Amino acid sequence: MQFPLEYEKRMKEQLGGEYADYARCFAEPGMGGLRVNTLKLSPERFRELSFCPLTRIPWIANGYFYPEEISPAKHPFYFAGLYYLQEPSAMTPASLLPVTPGNKVLDLCAAPGGKSTELAAKLCGKGVLVANDISNSRAKALLKNIELFGVKNAVVVSEAPGKLAERFGGYFDRILVDAPCSGEGMFRKSPAIMKNWEQYGTGYYNELQKQILPEAVKMLAPGGYLLYSTCTFSPDEDEGTVQFLLEQFPEMELVPALPQSAPEGVSYDGIEHGRPEWVKNGDERLRYTLRLWPHKIKGEGHFIALFHKKEDASVQKVCSVKNVRRAKLSGEAQEFINKIGFMPDAEQIVNREGRLYLLPEGLPALDGLRILRSGLLLGEEKKGRFEPSQALAMALKKEEYPQVYSLSEKDCDVIRYLKCESIEAREAVPDGYVLVCVGDYPLGWAKANKGGLKNKYLPGWRMM
């Protein structure tokens with residue numbers, strides 16, 4: 001691997017005698033990882049179902065390495081939202097942000113959704129997750145992954161951080177900022193990033209980080225936690241940016257990013273602490289931050305810092321809870337919703353141009369923001385008829401809908417269904433909407449009529 005000369009020089013200064021080990025690791029292949037969706041099943045249950053040999057990622061409770069010859073994105077379980085494919089080190093930030101059910105959580109730079117989906121799983125359907133990405137095209141990929149995971153309580157937004165701060169002052173209990181960065185930690189996985197590094201260097205991204213973080217601080221409630229992460233080794237973007245935040249915002253304090261005791265079965269061996277000596281006048285508290293090195297663990301490079309906002313911090317609360325106007329539902333929509341096992345709160349259902357949404361409780365007014373999705377899309381009313389959404393199918397459990405058609409993961413009809421082809425029912429199925437499952441896990445809808453199953457799988461999600 002031929003590094004940019006300026007980068008190579010700096011890394012030799014940073015790593016000293018370890019540089020040879022770092023350079024040598026580029027001859028080794030990166031590790032593929034998958035993270036189990038605990039909204040749908042436990043890691044233990046997933047191992048029982050697994051279609052390939054798995055090895056635990058030591059520092060991630062629900063993360064696994066998989067063999068490089070396997071293609072997990074082609075398996076029906078992927079389309080059932082049972083797991084997310086994610087580089088192992090990239091799983092770390094969301095795992096270390098201390099989210100509990102009921103929190104109000106913001107993922108500020110969220111696309112394509114790896115961290116958002118884990119934050120949503122930690123919320124267990126309670127509270128609210130706002131997942132934002134300033135790029136509208138990237139936010140569309142984010143939306144798909146959130147819906148694929150079966151998340152009910154998410155709002156997907158595409159706005160600049162400053163625009164969000166005008167609306168969500170002091171609102172969030174937890175914020176994750178996986179910031180744009182120079183990407184040095186991904187050079188092994190994606191060598192093409194080095195061309196971007198040569199064009200922009202580290203200074204360009206450091207300025208972006210210093211613009212984004214102050215807006216995040218405005219949105220954090222007193223007593224809340226903010227986790228800052230990058231996938232770079234640059235001290236300016238890592239310890240330097242953390243020091244900038246501490247100096248500019250005395251209400252923010254750095255706390256240890258690792259929990260006092262590791263969850264059962266989790267080991268943080270190989271993860272190192274930050275280096276105050278790598279920045280000018282570095283605060284000793286910078287040792288609370290974390291560095292993940294590809295020559296020390298089976299993963300790429302990452303940096304993590306966890307902040308706490310002091311309880312007595314003053315905030316300018318500018319958000320106001322919107323009074324929800326209860327939707328008037330057609331008879332068919334009401335009848336369908338009455339069948340759903342998790343019983344949506346009728347007071348939180350809104351109708352927007354015929355599309356029915358279940359809003360998270362306590363959501364502020366969102367008028368004027370670029371919203372891709374506010375809550376769970378239940379379905380669409382068309383001339384008195386109700387068509388349930390793909391998102392609703394993914395949010396259901398098999399036992400939460402009365403008419404189910406289950407297929408084995410090895411049944412060729414599963415692939416036909418995922419390719420939006422029609423399939424014939426092999427057993428008696430009542431006419432009407434049927435929840436098609438692979439084993440115990442929903443894939444989408446079909447509409448039964450005299451033994452035939454008209455495919456209602458979302459065309460944009462079709463298996464190619």
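Select isoleucine 423: leucine 453 of strand S23 stands opposite. The model is predicted, with local features needing pLDDT of at least 70 and side-chain atom pairs counting only at pLDDT 80 or more, while totals for chains, interfaces and linings use all residues. Numbering runs from 1 along each chain as its sequence is written, and side-chain values use heavy atoms, leaving out hydrogens and water.

Next, select S20 and S23 (residues 452-455). They pair in the antiparallel sense over 2 bridges. Pairing requires at least two DSSP bridges between two strands. Strands are DSSP runs (E, at least two residues), as are helices (H or I, at least four), numbered from the N terminus.

Now show the whole sheet. It is open, has 5 strands in the order S19-S21-S22-S23-S20, and its pairing is mixed. S19 (404-407) and S20 (423-424) are the edge strands; each has a single partner strand, so one side of each lacks a neighbour in the sheet.

Move to S22 (residues 441-449). S22 pairs with S23 in the antiparallel sense over 4 bridges. Alanine 448 has leucine 453 as its bridge partner in S23. The two strands, S22 and S23, form a hairpin with 2 residues between them. Stop at lysine 450 in the turn: its phi is positive, about 55°.

Go to S19. It pairs with S21 (residues 432-438) in the parallel sense over 4 bridges. Leucine 407 has valine 438 in S21 as its bridge partner.

Finish at aspartate 413, in helix H14 (residues 412-418). Is aspartate 413 buried or exposed? Buried, at 6% relative accessible area; the cut-offs are under 20% for buried and over 50% for exposed, with partly exposed in between (1.4 Å probe, protein chains only). Aspartate 413 touches Leu407, Ile423, Glu424 and Arg426, leaving aside residues up to four places away in sequence. Contact means heavy atoms within 4.5 Å.
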